Amino acid sequence: MLENNALRLIFWETTKRCNLSCLHCRGSATDAFDPHELNTAEMKNFVDNVVSFSKPILILSGGEPLMRPDIYEIARYASDKGLRVALATNGTLVTPEVAQQIKNSGVQRVSISLDGSQAETHDNFRRQKGAFAKALAGFDNLKEAGVSLQINTTVTKRNVAELPEILRLVVEKGAAALHIFMLVPTGCGLEIAETDMLPAEAYEEVLKWLYDKSTELELDIKATCAPHYFRILKQQGSAIKKGHGLAARSKGCLAGSAVCFISYKGDVYPCGYLPVSSGNIRQKSLQEIWETSEVFADLRDPGKLKGKCGCCEYRVICEGCRARAFAESGDYLDEEPYCIYEPKR
C-alpha cells in the first residue's frame with residue numbers, strides 16, 4: 001500500500017451500452033454490446049483484487065450500468081466484500097422494481113445526471129425527448145426505496161444560466177448532494193468543446209458561485225473536474241473540509257493519486273477523462289498497476305507540473321485538471337488551460 005496515495009475511489013465503466021446518446025458523453029456510449037466487455041467472473045475477480053489491498057468506494061458507471069443484467073449481482077458481491085458501492089445512472093430505467101433491486105444489492109448512493117432545470121434543456125443534452133421526466137421519476141422511485149441520492153450536473157454554455165434553478169430543484173427533491181462537473185473535452189465532449197465549453201472567466205464565476213452556495217446550504221456541494229475550486233477555497237480563507245466516505249475531499253485533481261478509472265474492457269486510466277492507459281486488469285492486477293505505473297507516479301508529483309501550474313503557490317492543493325491539459329497540448333503535465341489565476345511566484 002502506498003500510504004500517501006491510498007486508492008480512495010474507483011470509477012468503473014461496467015459497460016459501454018446505454019439507452020441514450022448524450023451530447024457530452026465521456027465514453028461515446030452505444031446501444032450495441034461489445035464482446036470485449038468484462039464478464040461477470042472477471043468483474044468478481046477484479047473486486048477480489050481490489051479488496052486484497054484497499055477499501056475504496058466503488059462507483060459502478062457506464063454507459064448506463066443498468067443495461068448490464070448482472071449489475072445487481074456485481075454490486076452485491078462488492079458490497080458483501082466490504083466495499084462501499086455507488087451507482088451512476090441517467091435514471092431513465094429506474095422503475096420502482098429496479099429501485100428496490102438497487103437497494104437490495106447494497107448500493108449506498110445513486111447519482112442521477114440532471115443537465116437542466118427544465119425538460120427542454122436536459123432532453124436536448126440527452127438527445128431523447130422525455131429523458132428529463134424519466135430521470136425525475138427514477139429519482140422519486142429510488143427515494144421511495146430509501147436510497148441516498150446525488151445529482152450530477154455537467155456545466156456548459158447551454159445550461160449555465162439554469163444553475164440556480166437546478167440547485168433549487170436538487171434541494172426541493174431532497175437529494176443528499178449536488179456534484180457540478182465542468183466539461184472536459186474528451187469522448188463526445190470533444191465534439192462540442194469549441195461551442196459549449198465555458199471560457200475561463202465564466203468557469204471562475206461558476207466556482208465562486210458554488211462556493212457561496214456551499215456556505216449557505218447544508219447540502220453536500222462538490223465541484224468535480226474543477227481543481228481550481230480548492231484554490232478558491234484557500235483564497236476565501238475557508239478550511240478544506242475533508243469529510244469522509246462519499247463526501248470526502250482533499251485536493252483538486254485526484255487522477256492517479258487517489259482515483260482511477262477502469263474501462264469496460266479492463267483498461268486502467270488515471271481518470272475517465274484522461275485517455276492515457278497504465279495497463280489492463282486482464283494482464284496485471286490493479287494493485288501492481290496502482291503501485292508501479294509511471295503515469296500515476298508522474299501525477300503524484302506536483303514538482304513535475306509545467307507552465308504556470310508548475311510555479312503556482314496553489315499547485316499542491318489544486319494541480320489543475322490533467323485531462324484538460326492533455327486535451328489541449330497532448331501533455332498531461334502541462335498547465336491547466338482553463339484557469340485565469342496568475343501565480344505570484
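Two strands are said to pair if DSSP finds at least two bridges between them. Helices (H or I, at least four residues) and strands (E, at least two) are DSSP runs, numbered from the N terminus. This report applies these terms to a predicted model, in which local features need pLDDT of at least 70, side-chain atom pairs count only at pLDDT 80 or more, and totals for chains, interfaces and linings use all residues. Residues are numbered from 1 along each chain as its sequence is written, and side-chain values use heavy atoms, with hydrogens and water left out.

## The sheet

Strands of a sheet pair through backbone hydrogen bonds, either parallel or antiparallel. In this model, 9 strands form an open sheet with mixed pairing, in the order β7-β6-β5-β4-β3-β2-β1-β8-β9. Its edge strands, β7 and β9 (268-269), each pair on one side only. Strand β1 (residues 9-13) pairs with strand β2 (residues 57-61) in the parallel sense, over 5 bridges. Leu9 has Ile57 of β2 as its bridge partner.

Thr89 belongs to strand β3. Its relative accessibility is 4%, so Thr89 counts as buried (under 20% relative accessible area, with exposed meaning over 50% and partly exposed in between, for a 1.4 Å probe and protein chains only). Leaving aside residues up to four places away in sequence, Thr89 touches Glu64, Leu66, Val94, Val110, Ser111, Ile112 and Ser113, where contact means heavy atoms within 4.5 Å.

## Two helices in contact

Two packed helices are described by the angle between their axes and the distance between the axes. Axes are lines fitted to C-alpha atoms, for helices over the stretch in contact, and angles run from 0 to 180 degrees between N-to-C directions. Helix α1 (residues 40-53) packs with α2 at an angle of about 20°, and their axes are 10 Å apart. The two helices are therefore roughly parallel, a term for angles under 35 degrees. From α1, the contact involves Thr40, Met43, Lys44, Val47 and Asp48; from α2, Glu73, Ile74, Tyr77 and Ala78 take part. Helix α2 (residues 71-80) also lies across β1, β2 and β3 (84-89), and runs at about 155° to β3.

## Covered helices

In helix α9 (residues 228-235), 6 of the 8 residues are buried. These are His228, Tyr229, Phe230, Arg231, Ile232 and Leu233, and they pack against α8 (200-216), β7 (220-224) and α13 (322-329). Helix α4 (residues 119-126) has Thr121, His122, Asp123, Phe125 and Arg126 as its buried residues. Their cover includes β4 (109-113), α5 (131-145) and β5 (148-155).

## Backbone features

Most residues other than glycine have a negative phi, and most peptide bonds are trans.

| Residue | Phi |
|---|---|
| Arg127 | near 55° |
| Cys225 | near 55° |
| Gly237 | near 75° |
| Glu319 | about 70° |

Arg127 follows α4, and Gly237 follows α9. Cys225 is placed in the loop between β7 and α9; this residue is buried, with a relative accessible area of 18%. Glu319 lies in the loop between α12 (307-310) and α13, and its relative accessibility of 3% makes it count as buried.

Which two residues does a cis peptide bond join? The bond links Gly62 and Gly63, with omega about 20°. Gly63 is found in the loop between β2 and α2.

Note on methods
Angles under 35 degrees count as roughly parallel, over 145 as roughly antiparallel, 65 to 115 as roughly perpendicular and the rest as oblique.
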